[in-house]
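Here are a few friendly notes to read alongside the model. Please keep the structure open as you go through the points.

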Amino acid sequence: MKEISFRNDVLPLKNELYRLALRITLNPAEAEDIVQETLIKVWNRRDQWDTIDSIEAFCLTICRNLSLDKMRKMENQNQSLEEADNEAPDHSYSSNPEEQAMQQDRIALIRRLINGLPEKQRSVMQLRDFEGKSYKEIAAIMNITEDQVKINIFRARQAIRQKYFETEKYGL
């Protein structure tokens with residue numbers, strides 16, 4: 001059994017926890033608060049760490065549950081994700097400013113479309129496509145079956161694809 005260290009095993013998950021909380025709440029300040037709350041809850045349950053199979057799944061589950069609780073309490077659920085992003089888009093593909101602007105617009109559109117998805121679809125998409133989690137890990141984190149994970153990912157991608165092409169075709 002691996003000895004779990006808060007500094008080495010839990011703290012490095014901060015960015016991943018933040019991205020998950022941000023995908024659910026769509027509010028950077030709320031997401032930061034949720035990460036802090038998550039870390040406190042995980043620390044307060046350190047006496048149970050030796051019974052936990054995956055400290056990462058444990059932390060992500062707490063983070064998701066706290067995020068959902070916050071969302072239920074928040075009055076305005078239509079706040080949009082700030083355009084500031086941790087990772088700047090790769091502009092090496094073209095030095096053409098017009099092409100770069102179009103690419104940035106596409107990224108912003110996809111971000112808005114993802115933010116418009118139902119919470120469960122947003123969360124599975126975040127965990128799978130952005131965090132690289134397996135179906136099994138996502139199922140454990142979200143407390144659903146692997147089949148439900150696959151269905152939610154499929155529906156999320158299908159909705160994004162359909163809305164993206166509608167927007168590109170009709171300029172909505």
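1. Let me start with a cut-off: a residue is called buried when its relative accessible area is under 20%, and exposed when that area is over 50%. This is a predicted model, so please read every value below as computed from the prediction.

2. Leu26 deserves a look. Leu26 sits in the loop between H2 and H3, and its phi is near 60°, a positive value in a residue other than glycine. With a relative accessible area of 5%, Leu26 is buried, because the limit is under 20%.

3. Asn143 is not a glycine, yet its phi is positive, at about 60°. The residue lies in the loop between H7 and H8. Is Asn143 buried or exposed? Its relative accessible area is 70%, so Asn143 is exposed.

4. The largest nonpolar core has 36 residues, and Val10, Leu17, Val42, Trp49 and Ile55 touch the most other members. Helices H1 (6-10), H2, H3 (28-44), H4 (55-73), H6, H7 (135-142) and H8 each supply at least two residues of this core. Which helix gives the largest share? That is H4, with 10 residues. As background, nonpolar side chains in soluble globular proteins tend to be buried together.

5. Leaving aside residues up to four places away in sequence, Trp49 touches Ile4, Ser5, Phe6, Val10, Val42, Trp43 and Ile55.

6. Helix H5 (residues 97-115) passes a simple length check. Its 19 residues should span 27 Å at 1.5 Å a residue, and the end C-alpha atoms are 27 Å apart, so the two values agree. The buried residues in H5 are Ala108, Leu109, Arg111, Leu113, Ile114 and Asn115. What covers these buried residues? The cover includes helix H2 (14-25), H6 and helix H8 (146-170).

7. Finally, please look at Gln126, in helix H6 (residues 119-130). Gln126 has 2% relative accessibility and therefore counts as buried. Beyond residues up to four places away in sequence, Gln126 touches Arg19, Leu20, Arg23 and Glu131.

Definitions and conventions
Residues are numbered from 1 along each chain as its sequence is written. This is a predicted model: local features need pLDDT of at least 70, side-chain atom pairs count only at pLDDT 80 or more; totals for chains, interfaces and linings use all residues. Side-chain values use heavy atoms; hydrogens and water are left out. Helices (H or I, at least four residues) and strands (E, at least two) are DSSP runs, numbered from the N terminus. Buried means under 20% relative accessible area, exposed over 50%, partly exposed in between (1.4 Å probe, protein chains only). Contact means heavy atoms within 4.5 Å. The expected span of a helix is 1.5 Å times one less than its number of residues. A nonpolar core is a set of buried Ala, Val, Leu, Ile, Met, Phe, Trp, Tyr and Cys residues joined through side-chain atoms within 4.5 Å.
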